[in-house]
Amino acid sequence: PGATEEDCVPVLEHHSGLVYNRDFYAGYSPERINPGDKAHRVATIKKVTSGSTPEAAELIDHLYGQIITAGTHKAESIRVAEAAKVIENTQRDLNIALINELALIFNRMGIDTEAVIEAAGTKWNFLPFRPGLVGGHCIGVDPYYLTFKAQAIGYYPEIILAGRRLNDSMGAYTASQLVKAMLRRRIQVDNARVLVLGLTFKENCPDLRNTRVVDIVRELAEYNVRVEVYDPWVDSEQARQEYGLDLVAEPQPGSYDGILLAVAHDQFRAMGTATIRSLGRPEHVLYDLKYVLPREDVDLRL
């Protein structure tokens with residue numbers, strides 16, 4: 001909150017010589033697009049609007065009202081609209097962090113996290129978030145905007161940053177769980193081949209921004225594991241430029257000591273357990289990070 005009027009407007013005033021709210025006005029409307037979601041598109045998601053004066057706010061709200069069929073919500077100020085944007089994603093980040101921490105606890109207890117969520121989900125007001133990696137251009141980033149602003153005004157946020165730290169640690173945790181499972185099977189980890197299925201930050205979209213799958217890849221490399229990444233949604237050149245990764249065009253059957261299903265693309269669901277298992281050596285570990293396959297068909301779940 002404050003980015004528009006405290007950061008952007010002074011730059012505009014300085015370079016234009018114009019005076020804010022006399023010679024020019026400002027408005028703000030946060031994006032709410034959901035990559036890969038064909039049901040919730042720009043026009044069908046309710047739009048928050050705001051303006052620097054009541055007249056500017058009305059103009060901006062009217063403009064979006066001609067485009068957004070789901071309707072608009074005119075916030076009382078630009079700062080309110082900015083704050084709404086960051087807490088939408090901060091709330092989701094924290095909810096996932098809670099489930100991730102519960103998954104860490106349940107794994108130590110030998111309890112299947114998905115089974116717990118399904119049981120708890122029978123209560124009408126339970127929020128069925130799933131554990132996993134938190135990346136992308138919004139959820140893993142926006143909380144830092146809010147905490148930076150909070151610290152600038154003298155408040156040190158605890159819960160928000162704790163959630164961020166936990167979510168950012170899940171890649172390393174996932175890699176360590178796979179390595180431990182391989183060791184229990186007496187599979188040599190040093191120089192082992194591991195296939196990671198999926199690189200995007202979410203399923204059924206080509207978006208690589210801030211994907212945390214790379215945390216798993218880098219952590220496995222620390223164990224001297226040879227990691228191969230396969231993702232039919234991703235442009236290979238982009239993966240190389242963004243993360244220095246050379247994707248495999250097709251996984252080689254019977255080649256891998258470990259298989260980690262990191263992203264729930266429809267293509268991986270369609271492959272099914274038998275096809276995915278066929279990519280592994282006779283003795284291998286299959287880790288389903290996203291609950292794509294039936295519980296009894298995999299060796300490890302988050």
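R32 is partly exposed, at 28% relative accessibility. Here, buried means under 20% relative accessible area, exposed means over 50%, and partly exposed lies in between (1.4 Å probe, protein chains only). This is a predicted model, in which local features need pLDDT of at least 70, side-chain atom pairs count only at pLDDT 80 or more, and totals for chains, interfaces and linings use all residues. Residues are numbered from 1 along each chain as its sequence is written, and side-chain values use heavy atoms, with hydrogens and water left out.

What does R32 pair with? Its partner is E88, in a salt bridge of 2.5 Å, N to O. A salt bridge is a side-chain nitrogen of Lys or Arg within 4 Å of a carboxyl oxygen of Asp or Glu. By this rule there are 20 salt bridges. E88 is partly exposed too, with a relative accessible area of 29%.

Now place the pair. Helices (H or I, at least four residues) and strands (E, at least two) are DSSP runs, numbered from the N terminus. E88 sits in helix 3 (residues 78–109), and R32 in the loop between helix 1 (3–16) and strand 1 (47–49), so the pair ties together parts 56 residues apart in sequence.

Next, turn to R301 and D112. Their side chains form a salt bridge of 2.6 Å, N to O. R301 lies in strand 7 (residues 300–301) and D112 in the loop between helix 3 and helix 4 (113–120), 189 residues apart. Are they buried or exposed? Both R301 and D112 are buried.

D215 and R212 also form a salt bridge, with their closest N and O atoms 2.7 Å apart. D215 is buried at 18% relative accessibility. R212 is buried at 16%.
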